[in-house]
Amino acid sequence: QVQLVESGGGSVQSGGSLRLSCEASGNTADSNCRGWFRQAPGKEREGVASIYTNSRGEYHTYYADSVKGRFTISRDNAKSTVYLQMNSLKPEDTAMYYCAATETSWCQGLQRDKYHYWGQGTQVTVSS
């Protein structure tokens, strides 16, 4: 089992920035891929970004088109923590943001049904 705990959400004005954190604990051996998803009221949960570390220690990242150039996913393996730096935030970024984990092979597709472990979520609200 893997436990994921998000933090860093809040309220910000349009154009502002926030950084989300997701700390993992437990048996993380089969959860190299870590992703961020979000769900706005009345909408389906969608993938935002994902990251995994290959055998050479290199990071591979993937982003949804809607956040490319504005959001950056990173990780600190020593702390078992993944971050999502969100810049140039827009009102349409308002959602509950969830951290999730799965095996490396599922990392590129940002498919929520391939992720086995989920955090409780942290709210991000962007006002115009």
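Predicted model: local features only at pLDDT ≥ 70, side-chain atom pairs only at ≥ 80, totals over all residues.

Biologist: OK, how many salt bridges does the structure hold?

Modeller: The structure holds six salt bridges, where a salt bridge is a side-chain nitrogen of Lys or Arg within 4 Å of a carboxyl oxygen of Asp or Glu.

Biologist: Which side chain meets E46 in a salt bridge?

Modeller: That is R38, whose side chain meets the side chain of E46 at 2.7 Å, N to O.

Biologist: And is R38 buried or exposed?

Modeller: R38 counts as buried because its relative accessibility is 6%, and E46 counts as partly exposed at 37%. Buried means under 20% relative accessible area, exposed means over 50%, and partly exposed is in between, using a 1.4 Å probe and protein chains only.

Biologist: What about D93 and R38, how do they meet?

Modeller: The side chains of D93 and R38 also form a salt bridge, at 2.9 Å from N to O. This pair links distant parts of the chain, 55 residues apart, since D93 lies in the loop between β8 (81–86) and β9 (95–102) and R38 lies in strand β4 (residues 33–39). Strands (E, at least two residues) and helices (H or I, at least four) are DSSP runs, numbered from the N terminus. D93 is buried, with a relative accessible area of 1%.

Biologist: Which salt bridge does K68 make?

Modeller: The side chain of K68 meets that of D65 at 3.2 Å, N to O; D65 counts as exposed at 64% relative accessibility, and K68 as partly exposed at 48%. Elsewhere, salt bridges that share partners join R38, E46, R70 and D93 into one network.

Biologist: Changing topic, where is N54?

Modeller: N54 sits in the loop between β5 (46–53) and β6 (59–63), and N54 counts as buried because its relative accessibility is 17%.

Biologist: Which side chains does N54 contact?

Modeller: The N54 side chain makes a polar contact of 2.8 Å with the side chain of E58, and another polar contact joins the side chains of N54 and H60 at 3.2 Å. A polar contact is a pair of N or O atoms within 3.5 Å; within protein, one must be able to donate a hydrogen and the other to accept it, and residues adjacent in sequence count only if both atoms are side-chain atoms.

Notes:
Residues numbered from 1 in each chain as written. Heavy atoms only, no water.
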